[in-house]
Amino acid sequence: MQISPTGQTLGARVEGIDLQHPLSKTDIRTILRALGEHGVLCFPRQTLDVDAFADFGKCFGGLEINVANMFHEPNHPEVMILSNIQKDGKPIGLGDAGQGWHTDMSYSEPIALTTILHAQLVPQRNGQPVGNTEFRNMHAAYEDLPPDIKAKIEGRTATHDFNKFWEMMRARPGNTRPPLTEAQRKRKPPVSHPIAYTHPITGKKVLYCTIGYVTHIDGMDPNESAELLDFLYKHQDGEKYLYAHRWTQGDVLMWDNIGTTHNAIPDYGDIPRYMRRVQVLADLDYPAMVA
Ligand code: SIN
């Protein structure tokens with residue numbers, strides 16, 4: 001494997017590996033270390049099938065079956081389809097996934113270590129890819145926090161709620177998401193996580209608190225909580241933490257869901273986009289796996 005960092009705040013290209021084939025323990029360790037170091041890994045020109053894509057994800061943890069699982073590959077409920085394509089007037093995939101800053105599955109216990117997408121169809125306009133996925137570096141954002149804010153969030157937790165992002169999407173004009181059912185809400189009740197979260201691969205603290213899912217800081221006066229959250233959201237929005245991935249068909253993109261936040265840019269209208277996605281739970285002993 002050759003790992004070439006982008007030279008930006010996040011991102012590296014990983015070449016010299018064909019993900020259709022099973023990974024060795026050494027491969028898994030190398031990829032996990034690179035994920036901790038670079039946050040977003042692009043494996044270009046990959047042609048792996050759905051089985052191999054799911055197997056690749058399973059090397060890093062259990063695969064989530066999304067609670068609002070409306071679109072997935074046949075016989076693979078864990079491989080979701082993200083797409084704006086319609087067949088016979090019906091969507092074949094979730095058309096508005098991730099369109100707002102968030103980190104996948106922070107609303108869950110366990111949280112997600114990584115999300116992996118395989119680009120089947122990348123929209124282009126005037127010969128250029130559109131539909132970038134943007135990321136922000138939460139190792140760097142935590143590092144840069146003023147000492148008094150670090151002290152304020154130390155030992156504090158925030159509540160994350162799946163329904164917050166879902167309702168934000170539903171409120172957008174023309175959105176067709178149905179409300180979550182009682183049963184879906186029960187399967188993903190709000191959960192609390194440390195705001196200064198110790199990353200299981202790097203052992204460093206990251207800012208784990210996105211506008212997409214966080215509703216409040218636990219045990220804090222509501223006004224104080226809103227004020228501190230406002231500060232943390234503005235702080236992490238800094239340009240210097242930003243990295244944008246421009247897609248090429250065949251890219252497998254794997255990102256660190258603990259040390260980064262992300263946002264899918266919906267600038268492609270009806271130009272077809274098709275991604276396969278797995279969300280990988282942080283349920284393994286990563287310190288042992290990277291040692
Ligand atoms: C996601 O947030 O999981 C989707 C990202 C994308 O489609 O670019």
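Start with the largest pocket, which has a volume of about 620 Å³. The model is predicted, so treat each stop as a feature of a predicted model.

**Stop 1: the largest pocket**

Select G95, D96, G174, N175 and T176. Of the 24 residues that line the largest pocket, these lie nearest its centre. Now colour the lining by class. The largest pocket shows ten nonpolar, ten polar and four charged residues.

**Stop 2: the second largest pocket**

Next, select G36, N137, H139, A140 and K204. They lie nearest the centre of the second largest pocket, which has 16 lining residues. Which elements give two or more residues to this lining? Show α1 (25–38) and α3 (138–143): these are the ones. The volume of the second largest pocket is about 190 Å³. Colour by class again. The lining of the second largest pocket has two nonpolar, nine polar and five charged residues.

**Stop 3: the largest cavity**

Leave the pockets and turn to the cavities. Two cavities of 30 Å³ or more are counted. The largest cavity has a volume of about 340 Å³. To centre the view on the largest cavity, pick L94, A97, G98, H102 and R277, the closest to its centre among 28 lining residues.

Now bring up the elements around the largest cavity. β5 (76–83), α5 (162–170), β19 (260–264) and β20 (274–281) each supply at least two lining residues. Which of them gives the most to the lining? Highlight α5, which gives three residues. By class, the lining of the largest cavity divides into 14 nonpolar, ten polar and four charged residues.

**Stop 4: the second largest cavity**

Select E64, I65, N66, E78, M80, R277, V278 and Q279. These residues line the second largest cavity. β5 and β20 are the elements that give two or more residues to its lining. β20 supplies the largest share, with three residues. The volume of the second largest cavity is about 30 Å³. Its lining has three nonpolar, two polar and three charged residues.

**Stop 5**

Move to strand β13, residues 191–194. Which residues form its covered face, and which its uncovered one? Colour V191 and H193 for the covered face of β13.

β12 and β13 run antiparallel, joined by four bridges.

**Stop 6: backbone details**

Go to E109 and P110. A cis peptide bond joins them, with omega about 0°. P110 sits in the loop between β7 (90–91) and β8 (112–121).

Then select D88, in the loop between β6 (86–87) and β7. D88 is not a glycine, yet its phi is positive, about 50°. Is D88 buried or exposed? D88 is exposed, with a relative accessible area of 83%.

End at N126. N126 lies in the loop between β9 (124–125) and β10 (128–129). N126 has a positive phi of about 50° as well, and is not a glycine. Show the surface here: N126 is exposed, with a relative accessible area of 76%.

Technical notes:
Residues are numbered from 1 along each chain as its sequence is written. This is a predicted model: local features need pLDDT of at least 70, side-chain atom pairs count only at pLDDT 80 or more; totals for chains, interfaces and linings use all residues. Side-chain values use heavy atoms; hydrogens and water are left out. On a 1 Å grid over the protein atoms alone, a cavity is a set of points where a 1.4 Å probe fits but cannot get out, and a pocket is an open set with protein on both sides within 12 Å along at least five of seven lines; lining residues have an atom within 4 Å of a point. Grid points are joined across faces, edges and corners, and a volume is the space filled by probe spheres set on the points. Ala, Val, Leu, Ile, Met, Phe, Trp, Tyr, Cys and Pro count as nonpolar, Asp, Glu, Lys and Arg as charged, and the others, Gly among them, as polar. Buried means under 20% relative accessible area, exposed over 50%, partly exposed in between (1.4 Å probe, protein chains only). Two strands pair if DSSP finds at least two bridges between them.
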